[in-house]
Amino acid sequence: LPGENNANESGVLSSVDKLRFAVSRRFRKLLDDVTPYPVPRWILAFFLFALYVFRVYALGGWYIVSYALGIYLLNVLMDFLSPLTDPADDEAELPVKADDEYKPFIRKMPEFTAWYQTARALLIGVTCTFFTALNIPVFWPILLVYFLTLFTISMKARIQHMIKHKYLPFSLGKPTFNSTVPAK
């Protein structure tokens, strides 16, 4: 009967949805648990990076995957170093004089999101090294020179933007000022 098949199919879909929801909830709980520990999180990311570099070096290939991974990580870095709102668009956003109100640097991409996207990209990169179809033969020195050129131009532009608008992407807390009036 058509009605029974639909009921079974919806039951299967319901079970798949329940499983997906349970896995998603556990993964979210894991991410919530590791949020207050930035140093171990970044150690994990560096371990994934070392694992990726080791696999690429040991296997001798996957230069296109490495190039794509490098471009993606460069974009993550640029978003991490960028302010949420561009000071060129809103001049009053960042303080420029000593008597201006202190406003902390708010990133375009928070640290946790940068870590998560970095770790996810590195995990995908390591996974890609298991598929020989992704090992496309290319002349890797050209890709390396192009990536280094892109990195240099991007960082130069970001640093010039920081200097022009007088902001640092790293906040060491609210500044304290010493009194200029001597105590009597």
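Begin by selecting Trp-62, which sits in the loop between helix 2 (38-59) and helix 3 (63-81). The model in view is a predicted one. Trp-62 is not a glycine, yet its phi is positive, at about 60 degrees. With a relative accessibility of 5%, this residue counts as buried, because the cut-off for burial is under 20%.

Next, display helix 3 together with helix 4 (residues 111-128). Their axes come within 10 Å and cross at roughly 180 degrees. Helix 3 is therefore roughly antiparallel to helix 4, since angles over 145 degrees count as such. To see the contact, select Val-65, Leu-69, Tyr-72, Leu-73, Val-76 and Phe-80 on helix 3. On the helix 4 side, select Glu-111, Ala-114, Gln-117, Thr-118, Arg-120, Ala-121, Leu-122, Gly-125 and Cys-128. Coloured by class, the residues of this contact comprise ten nonpolar, three polar and two charged.

The axes of helix 2 and helix 4 are 9 Å apart, and the two helices pack at an angle of about 25 degrees. Helix 2 is thus roughly parallel to helix 4, as the angle is under 35 degrees. The crossing of helix 2 past helix 4 is left-handed. Helix 2 contributes residues including Trp-42, Leu-48, Phe-49, Tyr-52 and Arg-55 to the contact, and among their counterparts in helix 4 are Phe-112, Trp-115, Leu-122 and Val-126. By class, this contact holds 15 nonpolar, two polar and three charged residues.

Now turn to the nonpolar cores. The largest has 15 residues, and Tyr-52, Val-65, Leu-69 and Trp-115 are the members that touch the most others. Helix 2, helix 3 and helix 4 are the elements that each give two or more residues to this core. Helix 4 gives the most, with seven residues. Centre the view on Val-65: leaving out residues up to four places away in sequence, Val-65 touches Tyr-52, Gly-125, Cys-128 and Leu-134. Another core, of 14 residues, lies apart from the largest one and includes Tyr-67, Val-76, Ala-114 and Phe-147.

Finish at His-161, in helix 5 (residues 140-165). Is His-161 buried or exposed? His-161 has a relative accessible area of 17%, so it is buried. Select Asp-86, Pro-87 and Tyr-167 to show what His-161 is in contact with, once its neighbours within four places in sequence are set aside.

Methods. Residues are numbered from 1 along each chain as its sequence is written. This is a predicted model: local features need pLDDT of at least 70, side-chain atom pairs count only at pLDDT 80 or more; totals for chains, interfaces and linings use all residues. Side-chain values use heavy atoms; hydrogens and water are left out. Helices (H or I, at least four residues) and strands (E, at least two) are DSSP runs, numbered from the N terminus. Buried means under 20% relative accessible area, exposed over 50%, partly exposed in between (1.4 Å probe, protein chains only). Axes are lines fitted to C-alpha atoms, for helices over the stretch in contact, and angles run from 0 to 180 degrees between N-to-C directions. Angles under 35 degrees count as roughly parallel, over 145 as roughly antiparallel, 65 to 115 as roughly perpendicular and the rest as oblique. Contact means heavy atoms within 4.5 Å. Ala, Val, Leu, Ile, Met, Phe, Trp, Tyr, Cys and Pro count as nonpolar, Asp, Glu, Lys and Arg as charged, and the others, Gly among them, as polar. A crossing is left-handed if the near helix is turned anticlockwise from the far one by less than a right angle, and right-handed if clockwise. A nonpolar core is a set of buried Ala, Val, Leu, Ile, Met, Phe, Trp, Tyr and Cys residues joined through side-chain atoms within 4.5 Å.
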